[in-house]
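Colleague: Hi, I'm new to this one. Could you walk me through it?

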Amino acid sequence: MTGDSAAAEVGVLTDVDVRGMVATLQPEWSVDAIERSPHGTDFVAMLSVRPSAGDRARDVVLKATTADFVAPTIARSEPRFLELVSRETSIPVPDVFGYCDYHEEYPAPFYLIEHVEGENYENRSGDLSPLGRERVLREAGRNLAELHELGPIPSVGRVGVHDGDLAVLDTDDHPRHDDFRDWLLADCEETLDAIADGGWFPDLADDADRFADLVPDLRAFLRDSVPRLPEPDPPRYCHWDYRYGNLLLEPETGRTRAVLDWANLLAGDPVYNLAKAEFHLLKPVVGNDIRTATLRDIFLTAYADARTDWSLDRTARERLVLYRLPCRVDAMACLPLWYRDATPEERDDRAAELRRFAARYV
């Protein structure tokens with residue numbers, strides 16, 4: 001079985017498989033314990049390992065692409081990008097201990113990274129103190145500013161691995177673009193098509209077509225508005241899934257100890273990344289609209305202060321306002337997956353929130 005075909009099959013890896021994967025990357029290590037994560041779509045496990053005989057045990061994480069949500073050519077970018085971010089920025093990320101792009105026996109890519117202590121606050125940001133949540137937003141602005149300083153990138157599109165190196169892909173599934181507006185409109189069209197057919201995950205919901213009635217108006221608005229946007233900034237690396245579920249935080253202070261999930265990157269307008277991040281970090285609204293506006297201002301101010309020769313000027317604000325709509329369009333298509341463990345009432349609340357937001361535009 002090739003690495004690509006294995007990666008497309010969802011299955012449970014045995015302890016023997018896990019030990020074999022570790023041996024592929026770190027032949028001297030021994031595995032004392034394996035704790036599988038119940039979260040996420042790919043295989044993730046925390047391992048207790050000993051680098052050599054007599055060493056103290058240490059915790060590491062093994063991640064393997066076992067689902068078909070992210071193509072292997074994109075997933076291969078994650079350990080490489082972790083190494084780049086660690087080397088070139090102060091964004092806190094786990095160290096990489098090895099990775100494998102292809103394997104005849106195990107699903108690939110797979111890799112070993114440092115285990116970082118911290119707490120995941122997905123869907124419970126309200127458990128943080130007010131100052132803690134402000135710190136998350138402030139550090140998010142600084143982290144994304146540092147990430148965007150790694151550019152510009154020559155073209156727009158999904159980031160993956162080509163000939164062993166990080167690259168903007170140009171494939172049938174992920175075409176490359178010269179103008180971010182072209183990429184954005186194509187992405188919106190694809191997502192709206194999915195919503196009309198029941199979303200990206202129709203099997204996870206009894207009412208997967210709950211947003212289908214909005215598709216004609218949303219499509220008409222985006223087709224008219226996106227091409228008329230002011231010219232985007234040159235493309236930069238964008239972590240477009242910067243959310244609480246991909247952060248490990250210090251509970252007492254809100255300090256970000258690690259930013260995770262670098263396998264789904266985009267080379268695009270950095271202002272689009274700001275729209276994505278503020279959507280994830282400010283949903284659902286915790287507190288009143290004034291509090292949400294304060295947190296948004298903290299985030300955007302921290303970002304602008306950390307960027308070189310950049311400001312959130314009129315044209316950037318115009319793009320930011322429009323980019324907020326595609327973020328909600330994506331959320332409509334993904335709602336069954338994101339809230340599969342929620343109650344029907346919670347899913348209805350989120351759906352109503354998305355509809356109210358879309359009504360501002362259409």
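**A chat about the model**

Modeller: Happy to! Let's start with a network of salt bridges that links Glu 189, Asp 193, Arg 219 and Arg 223. Keep in mind that this is a predicted model.

Colleague: Which helices make a contact that includes Glu 189 and Arg 219?

Modeller: Those would be α6 and α7; Glu 189 and Asp 193 are among the α6 residues in that contact, while Arg 219 and Arg 223 are among those from α7. Helix α6 covers residues 180–196 and helix α7 covers residues 215–225.

Colleague: How do the axes of α6 and α7 cross?

Modeller: They come within 10 Å and cross at roughly 175°. Angles over 145 degrees count as roughly antiparallel, so that is what α6 and α7 are to each other.

Colleague: And what classes of residue make up the contact of α6 with α7?

Modeller: There are eight nonpolar residues, four charged ones and no polar ones. The α6 side includes Leu 185, Cys 188, Leu 192, Ile 195 and Ala 196, and the α7 side includes Val 215, Leu 218 and Leu 222.

Colleague: Why would residues three or four places apart in a helix point the same way?

Modeller: An α-helix has 3.6 residues a turn, so residues with that spacing point the same way.

Colleague: Back to the charges. How many salt bridges does the count come to?

Modeller: The count comes to 28 salt bridges. One of them pairs Asp 269 with Arg 319, with the closest N and O atoms 2.7 Å apart. That pair links distant parts of the chain, 50 residues apart: Asp 269 sits in the loop between β11 (266–268) and α8 (270–281), and Arg 319 sits in helix α10 (residues 314–338).

Colleague: Are Asp 269 and Arg 319 buried or exposed?

Modeller: Both Asp 269 and Arg 319 are buried.

Colleague: What about Arg 296, which residue does it form a salt bridge with?

Modeller: Its partner is Glu 278, and their closest N and O atoms are 3.2 Å apart. Because Arg 296 lies in helix α9 (residues 289–306) and Glu 278 in helix α8, the pair ties together parts that are 18 residues apart in sequence. Glu 278 is buried at 2% relative accessibility, whereas Arg 296 is partly exposed at 24%.

Colleague: Is Cys 334 buried or exposed?

Modeller: Buried, with a relative accessible area of 15%. Cys 100 is buried too, at 11%.

Colleague: Let's look at Val 156. Where does it lie?

Modeller: Val 156 lies in the loop between α5 (130–148) and β6 (157–162). It is buried, with a relative accessible area of 1%. Beyond residues up to four places away in sequence, Val 156 touches several others, including Val 168, Pro 175, Phe 180, Trp 183, Pro 235 and Ala 267.

Colleague: Which prolines are joined by a cis peptide bond?

Modeller: Pro 152 is joined to Gly 151 by a cis bond, with omega about 0°, and Pro 152 is also in the loop between α5 and β6. Another cis bond joins Ala 108 and Pro 109, with omega about 5°; Pro 109 is in the loop between β4 and β5.

Colleague: And which non-glycine residues have a positive phi?

Modeller: Asn 123 is one of them, with phi about 60°. Asn 123 sits in the loop between β5 and α5 and is exposed at 51% relative accessibility. Asp 163 is another, with phi near 55°. Asp 163 is in the loop between β6 and β7 (165–168), and its relative accessible area of 68% makes it exposed.

Colleague: Last one: what do the buried residues of α2 pack against?

Modeller: They pack against β1 (30–36), β2 (43–50), β3 (58–64), β4 (96–100) and β5 (110–114). The buried residues of helix α2 (residues 15–25) include Val 18, Met 21, Val 22 and Leu 25.

Note on methods:
Residues numbered from 1 in each chain as written. Predicted model: local features only at pLDDT ≥ 70, side-chain atom pairs only at ≥ 80, totals over all residues. Heavy atoms only, no water. Buried < 20%, exposed > 50% of the residue type's maximum accessible area, 1.4 Å probe, protein only. Salt bridge = Lys/Arg side-chain N within 4 Å of Asp/Glu carboxyl O. Helix = DSSP H or I, 4+ residues; strand = E, 2+ residues; numbered from the N terminus. Axes fitted to C-alpha atoms, helices over the stretch in contact; angles between N-to-C directions. Parallel < 35°, antiparallel > 145°, perpendicular 65-115°, else oblique. Contact = heavy atoms within 4.5 Å. Nonpolar A, V, L, I, M, F, W, Y, C, P; charged D, E, K, R; others polar.
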